[in-house]
Amino acid sequence: MKLDKKDILKALENITVPGEGQNMVESGAVKNIMVFGDEVVVDLTISNPSLQARKKTEVEILKIIHDKVYNKAKITVNVKVDAPAAKPKVNEIKGKPIPGIKNIIAVASGKGGVGKSTVTANLAVTLAKMGFKVGLLDSDIYGPSMPIMFDVTQEKPLSVKVEGKSKMKPVENYGVKILSIGFFTQPNQAVIWRGPMAAKALNQMIFDAHWGELDFMLLDLPPGTGDIHLSIMQSLPITGAVVVSTPQEVALADARKGVAMFQQDSINVPVLGIVENMAYFTPEELPNNKYYIFGKEGAKHLAEDLNVPFLGEIPLVQSIREAGDVGRPAALQTATAIESAFEEITKNVVREVVGRNKSLPPTEAIKITTMAGCSAVKKK
């Protein structure tokens, strides 16, 4: 008996492709049908790679052609599997999320002396003023400054029982929960630990603390791009990083390296933006004058060059320094230009976090097992 290709196609419309919900003719799974008298050859491509799916499809084709077309047809089914390539995973190594903490923001700088800790403290109190639940981890093991900036140098974290386990309760002031190595050392005591000891202390302050529910945890990182930074990023899934710089060329060169560190393939932490500190000086007696002591808009131009957001600028104002020294961050000074500057920057940070969470998968902690993970950034 001579078979008709149209009859075979019509019969195959009764078979559904595994995992697709369409019949195999509609879906395009049937690539070719050849008829030679009572012999039929069906070339088929499916996306399900399992042996069970291939066998089931082959049996169904044999049965439907025998039932609907010709019960003595000699049928050959050639099944090819064309499974879609697996999507590459971003940051495959999962970190340890801290229960109750929604966003973790690292505040970094390429070099010391650019006001990173001052910016972190003022971001924290501004977020708290906006109604967010905020925590601050002073990750600068060798130069902790948050106890001074929040006027809590005499405080000590208490021990509390949480689900039968003893946890540290962070010190709180101005609506911000704080932990720092400064709470556990004497004012005149130098911390001279090697990297592993510093990393262990950080892990204890992160995971052995009862932070409760937080909208934001800010990490005040030490200057540079060293061991502490890697320890933090290996321990925590950081939402994003904020880089602080002054406008001068020396600071910008190091800020560029700070941004590059977060953007390395082996680290891959989103950079939320750059803050320009000490942008200009305005004398009190000449309120309309601006003196660009360290250069003009250097960090802004760097942000444009690196294609990262520019979060805003902070003027060089004596009261910002004085406020930090007495333990009351300057952003708490209501109805001032300083308060407005920090509010603008904080709003931009929040906006970038919201946008980042909508467009990117959650960051996962990195795993660096070889020196290659610490190598210089590859040139494009």
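Me: A helix here is a DSSP run of H or I, at least four residues, numbered from the N terminus. With that settled, in which helix do E60 and K56 lie?

Reply: First, keep in mind that this is a predicted model. E60 and K56 both sit in helix α2, residues 51-68. They are four residues apart, about one turn of the helix.

Me: What do E60 and K56 form with each other?

Reply: Here's the general idea: side chains of opposite charge can pair when their charged atoms come close. In this case E60 and K56 form a salt bridge, with their closest N and O atoms 2.9 Å apart. The count of salt bridges comes to eight.

Me: Are E60 and K56 buried, partly exposed or exposed?

Reply: The cut-offs are under 20% relative accessible area for buried and over 50% for exposed, with partly exposed in between. E60 is at 27%, so it counts as partly exposed. K56, at 49%, is partly exposed too.

Me: Where in the chain are K102 and D215?

Reply: K102 belongs to strand β4 (residues 101-108) and D215 to strand β10 (residues 214-220), so to speak distant parts of the chain, 113 residues apart. Their side chains meet in a salt bridge at 3.3 Å, N to O. K102 is exposed at 59%, while D215 is buried at 16%.

Me: How do I read a pair of aromatic rings?

Reply: A pair of aromatic rings is described by the distance of the centres and the angle of the planes. There are three aromatic pairs here. In one of them, F150 and Y174, the centres are 6.1 Å apart and the planes are at 40°, so the pair is tilted. F150 is in the loop between α4 and β6, and Y174 is in the loop between β8 and β9, 24 residues away. F150 is buried, at 0% relative accessibility, whereas Y174 is partly exposed at 25%.

Me: What angle do the planes of Y280 and Y292 make?

Reply: Their planes are at 65°, which makes the pair edge-to-face, with the centres 6.1 Å apart. Both residues lie in the loop between β12 and α8, twelve residues apart in sequence. Y280 is buried at 14%, and Y292 is partly exposed at 33%.

Me: Which residue has its charged end over the ring of Y280?

Reply: That's K290, 4.4 Å from the ring centre.

Me: And which residues does K156 touch?

Reply: Leaving out residues up to four places away in sequence, K156 touches V171, F183, F184 and T185. Its side chain reaches the backbone oxygen of F183 at 2.5 Å.

Definitions and conventions: Residues numbered from 1 in each chain as written. Predicted model: local features only at pLDDT ≥ 70, side-chain atom pairs only at ≥ 80, totals over all residues. Heavy atoms only, no water. Phe/Tyr/Trp six-rings, centres within 6.5 Å; stacked < 30°, edge-to-face > 60°. Helix = DSSP H or I, 4+ residues; strand = E, 2+ residues; numbered from the N terminus. Buried < 20%, exposed > 50% of the residue type's maximum accessible area, 1.4 Å probe, protein only. Lys NZ or Arg CZ within 6 Å of the ring centre and 35° of its normal. Contact = heavy atoms within 4.5 Å. Polar contact = N/O pair within 3.5 Å; in protein donor to acceptor, adjacent residues only side chain to side chain. Salt bridge = Lys/Arg side-chain N within 4 Å of Asp/Glu carboxyl O.
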